[in-house]
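Subject: Structure handover

Hello,

The structure is below, followed by notes on what was found in it. Please look it over when you have time.

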Amino acid sequence: MCTPPEPCRDATGPVARRVVARVLLAALLLVAGLPLAAREVVIGVLDDGPAARRYVPIEAVRRETEVLMAREFTVRFPRAKRREGGWDVARIAAGLDALLHDAEVDVVLTSGLIATHLAARRAQLPKPVVGMVVADPVLQGFPRAGGVSGRHNFVYVAGEHTIGDDLAAFHALVGYRHLAIAADRVLLETLPELPPLVAAAAEQLAVRITVVPADTTAAPFVDRLPADVDAVYVPPLPRFDDAELAALAEALIERELPSYTLLGQRHLELGFLMSGAGREVDVTRTARRVALDIQAIVLGEAPAALPVALAQPRKLAINMRTAAAIGYSPRREDLEGAIVIDEPAALPATELGLVAALERALEANLALRINELDPLIADAEQAERRAALLPQLALDASTRVIDRDRANPLFAAEREGRIGVRASQLVYSERAWSGWHIARYLREAEDEALRAAVLDVLEQTARAYLNVLLADAAIAVRASNVTLTEANLERARARADIGQSGRGEALRWQSELAIDRQELYRAEAEAGTATIELKRLLALDQGATLGVSDDGIPAFITLLGNSRYRRLFDNARRWAVFREFHVERALARAPELARIDALIGGAERQLLATGRAYYVPDISLVGQSATRLLRGGRGASLAGLGRDEDEWAFGIEAELPLFLGGARDARRTRASYELARTTLSRADAELAVRARVLAALERASGSYPAIRLSREAATAARDNLAIVTDAYAAGTASITELNDAQDAALTASLAAAQARYQFMLDFVAVLRAAADFDVLLMPDGLESWYAEVDEYFRAAGLR
């Protein structure tokens with residue numbers, strides 16, 4: 001009947017005691033041997049009229065009643081005892097009279113707002129009446145004293161929240177200034193108290209509220225809406241079918257009017273903005289409560305003494321597609337604990353799997369683009385150094401003006417101009433040749449630095465991608481834990497309602513809920529941070545939507561978990577050989593070592609050049625030719641008379657510095673130290689590569705079995721939590737036990753969600769240490785890797 005996680009909830013403890021009393025009465029009757037099922041109970045039902053939907057379907061009440069009373073009575077809901085008033089107040093009243101005076105009917109259920117309202121107005125009721133649907137007992141003036149109706153043969157089921165509460169909640173959410181309330185015209189005729197109560201609510205909220213009559217279609221109602229209305233409250237409109245409700249919702253969206261409906265969350269899908277009631281569990285609770293009232297009445301309890309309040313936890317639901325359509329953005333705190341439905345699916349600007357993300361990083365990563373320029377710069381440097389070894393050709397021209405007094409007709413005119421060409425070819429220069437050789441080594445070093453940068457970008461991108469997945473997994477677990485804590489808060493309130501615990505338990509769960517939501521916010525922030533980093537690495541606009549997926553990762557983990565992989569380290573000897581394979585492979589492929597090897601080659605050539613500088617001269621072939629183009633001024637007519645205007649020269653030049661103040665000694669000493677430093681750096685880098693590989697292997701060897709173990713732990717913790725939750729709802733477990741079980745389940749679930757991504761992070765570290773991402777990037781990468789491992793194992797004498 002009332003089972004976890006949705007226990008029966010009533011406003012007063014006596015409900016639970018009455019249930020126990022009824023069970024004891026049934027047990028006594030069984031002991032006495034009385035035929036419990038011998039008595040037949042006939043339930044008459046009064047509907048307001050044909051309706052497209054009902055808040056509490058009679059079928060749900062029938063099921064709950066039969067389950068509850070099957071061993072005591074035969075309960076029937078005959079079709080012949082069901083009346084409909086055709087949405088006419090007089091006919092509804094006549095139907096009520098007919099059922100009240102029908103000798104075959106034991107209990108009357110009023111399943112409509114009007115029928116229940118008319119029954120509540122009757123001073124005398126000849127037989128028990130259970131009012132199933134109540135809009136607002138305060139607004140409708142229902143009898144209520146001490147939590148019961150106090151009226152002979154009358155009991156009803158009413159939630160703790162009033163329409164005034166809804167109006168205040170709606171106002172807090174959207175801040176309306178002029179609210180329109182849709183009200184069925186027939187209901188308006190039945191409830192003359194509505195206008196003054198609405199006016200009082202408007203005064204309290206300092207807003208305007210207009211009640212707008214509604215019939216059976218949306219268009220006339222929309223036409224009657226005042227032009228300055230900025231929000232619409234939609235109570236149950238039983239004469240609207242789903243098509244008209246959808247039309248109403250669409251019309252409100254077109255006018256960008258936020259709407260708050262009492263029709264329940266299922267009807268938000270028609271396009272209304274938000275609701276605070278109508279969960280499926282709320283319908284079930286109401287049906288159960290009606291069944292309990294019927295049982296109590298049949299067992300002899302007075303309807304006037306039965307509780308009328310039914311605690312129905314309010315839970316905001318928001319249709320996010322409608323919110324987007326009308327330009328409404330709910331505050332973050334409003335979404336805490338809210339049910340979000342019909343959220344528009346974001347169309348990712350980029351949808352990437354892990355391999356696709358790595359490939360994009362190779363194409364678009366800006367840091368990598370920067371590093372790709374370094375080899376090109378080294379090429380230019382190398383070409384510049386080589387140019388010094390090739391023929392040089394220069395053109396020179398000059399003009400000269402000398403003092404007129406110094407002009408000599410035999411040698412120089414006052415003004416002269418000449419043009420010439422000079423050619424040279426370096427025969428040998430140790431400085432030039434060593435510069436070219438060193439530039440070639442530096443070019444090799446830049447190539448290896450670029451290869452290291454590629455590996456670093458691949459590692460960074462893979463880690464960022466996996467961190468996004470890990471953060472998303474943490475969000476899912478945290479969100480589930482928040483939902484669980486919300487359910488436990490409801491359970492605690494239910495326990496307090498029936499006297500099983502004090503108010504302190506509910507306060508404890510309220511505190512836990514605040515903490516859990518805080519952790520959820522933190523997880524969402526971490527996911528956002530991880531996504532920002534991934535977008536940076538992929539050179540994506542931070543405003544773009546990025547979709548990530550773990551498709552393929554479980555299959556890859558499964559592939560690594562097969563017997564072919566596990567045999568590589570299933571004993572100490574194999575593990576040692578496997579480690580050594582990775583170390584040797586990494587040492588052979590590490591770009592860090594190859595880069596230092598190139599630098600060592602350059603340092604050795606520099607040291608050789610500084611030694612040769614003592615005795616190897618620079619030798620060049622030089623040739624030049626020139627001719628005079630002009631003369632002018634004093635002596636121009638006689639200067640150079642009889643001499644050829646053209647001149648040329650050719651020769652060999654050799655230069656060997658004899659003393660440079662100790663500069664050659666200093667250069668040789670510095671080159672020697674630089675070679676020693678680079679050689680030591682190579683040894684240190686080799687140790688670092690070896691340690692990096694071994695450490696990565698150790699981490700991966702520990703995180704792989706954690707996938708299985710954490711999954712087992714999470715399953716056990718969830719099973720334990722389910723057991724403790726049931727016991728808590730039944731009153732046999734304490735809040736401390738439940739809290740401990742929930743904490744254990746949360747910790748285990750987080751560990752399980754994160755385990756496979758942590759292994760992949762460790763595996764990526766292994767790939768980076770081994771300087772090889774082909775396992776991930778190449779279709780046959782893993783198979784090629786297996787082939788290398790098998791060959792190495794065979795060489796080591798292992799199969």
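A search of the whole structure gives 13 aromatic pairs; rings of Phe, Tyr and Trp (its six-membered ring) pair if their centres lie within 6.5 Å, with planes under 30 degrees apart counted as stacked, over 60 as edge-to-face and the rest as tilted. One of the pairs is Phe-170 with Tyr-176, which is tilted, at 5.5 Å centre to centre and 50° between the planes. Phe-170 is buried, at 0% relative accessibility, and Tyr-176 is buried at 2%. Buried here means under 20% relative accessible area, exposed over 50%, and partly exposed in between (1.4 Å probe, protein chains only).

This is a predicted model: local features need pLDDT of at least 70 and side-chain atom pairs count only at pLDDT 80 or more, while totals for chains, interfaces and linings use all residues. Residues are numbered from 1 along each chain as its sequence is written, and side-chain values use heavy atoms, with hydrogens and water left out.

Phe-170 and Tyr-176 belong to one aromatic cluster with Tyr-233 and Tyr-260. Two of these residues sit on paired strands: the bridge partner of Tyr-233 in β11 is Tyr-260. Strands and helices are DSSP runs numbered from the N terminus (helices H or I, at least four residues; strands E, at least two), and two strands pair if DSSP finds at least two bridges between them. Strand β10 (residues 231-234) is parallel to β11 (residues 259-261), with three bridges. The chain passes from β10 through helix α10 (residues 242-254) to β11 in a right-handed β-α-β crossover, meaning that, with the strands pointing away from the viewer, the path from the first strand over the helix to the second runs clockwise.

β10 also pairs in the parallel sense with β8 (residues 178-184), again over three bridges, and Ile-181 has Tyr-233 as its bridge partner in β10. Both faces of β10 are covered, with Ala-231 and Tyr-233 buried on one side and Val-232 and Val-234 on the other.

Beyond its neighbours within four places in sequence, Leu-167 is in contact (heavy atoms within 4.5 Å) with residues including Tyr-176, Ile-181 and Tyr-233.

Regards
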